[in-house]
Amino acid sequence: MINIKQGTVITGPNWPEPVEIKLIEEAGDYVHIVGATKNSRQHIDQLISKEEFAKFKLDQFRASFTEEAWKVFLALETTRYRFASMYDPLIAMNTSKVDPLPHQIEAVYGYILKKPRIRFMIADDPGAGKTIMAGLLIKELKIRNLVKRVLIVAPFHLWQKNQAQSNPKII
């Protein structure tokens, strides 16, 4: 019996690149291989004689644990963030340092993110948490790679007030 399992990568003269095995079974004097090439993901479904199959080599993975720990950590975090939104629909909320209120969560996750085209004006009473909602929305869109630019529009008198506070006049 063949000692190759599903997920094993083999190389041989039949293919230009390594093949990852999806299914392998004996069929008399032949071996039935179903898989896909590693780089081009081309589907492979072939019957190969056992003599010819003996010429194949296992593509062995060799690990060297010589990389610096912080680089490994960053690579793992990058991968985790890349797939996080698939498994955690509230990723921005769970990774932020704020505790949003229920109406803010409902507005962002229950309404805004469910729309196919996200263009909203967040306008509410003072103190209702518009900044937290906007922050959650922007962070969620950035994590999901759905946004390139964000336009934040505020009334002129708020900008003017902010400028006056940062540059006080001496009397």
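Strands are DSSP runs of at least two residues, labelled E, and helices are runs of at least four, labelled H or I, all numbered from the N terminus.

This is a predicted model, where local features need pLDDT of at least 70, side-chain atom pairs count only at pLDDT 80 or more, and totals for chains, interfaces and linings use all residues. Residues are numbered from 1 along each chain as its sequence is written, and side-chain values use heavy atoms, with hydrogens and water left out.

Which strands does E3 pair with? Two strands count as paired if DSSP finds at least two bridges between them. With E2, residues 19-27, E3 pairs antiparallel over 8 bridges. Val-19 sits opposite Thr-37, and Ile-24 has Ile-33 as its bridge partner. The E2-E3 hairpin has 2 residues between the strands, and Gly-28 in that turn has a positive phi of about 70 degrees.

On to E4, residues 43-49, which is antiparallel to E3 and joined to it by 7 bridges. Here Val-31 stands opposite Ile-48. The E3-E4 hairpin has 5 residues between the strands, with Arg-41 in the turn at a positive phi of about 55 degrees.

Last, the whole sheet. It is open, has 5 strands in the order E4-E3-E2-E1-E5, and the pairing is antiparallel. E4 and E5 (57-58) are the edge strands, each pairing on one side only.
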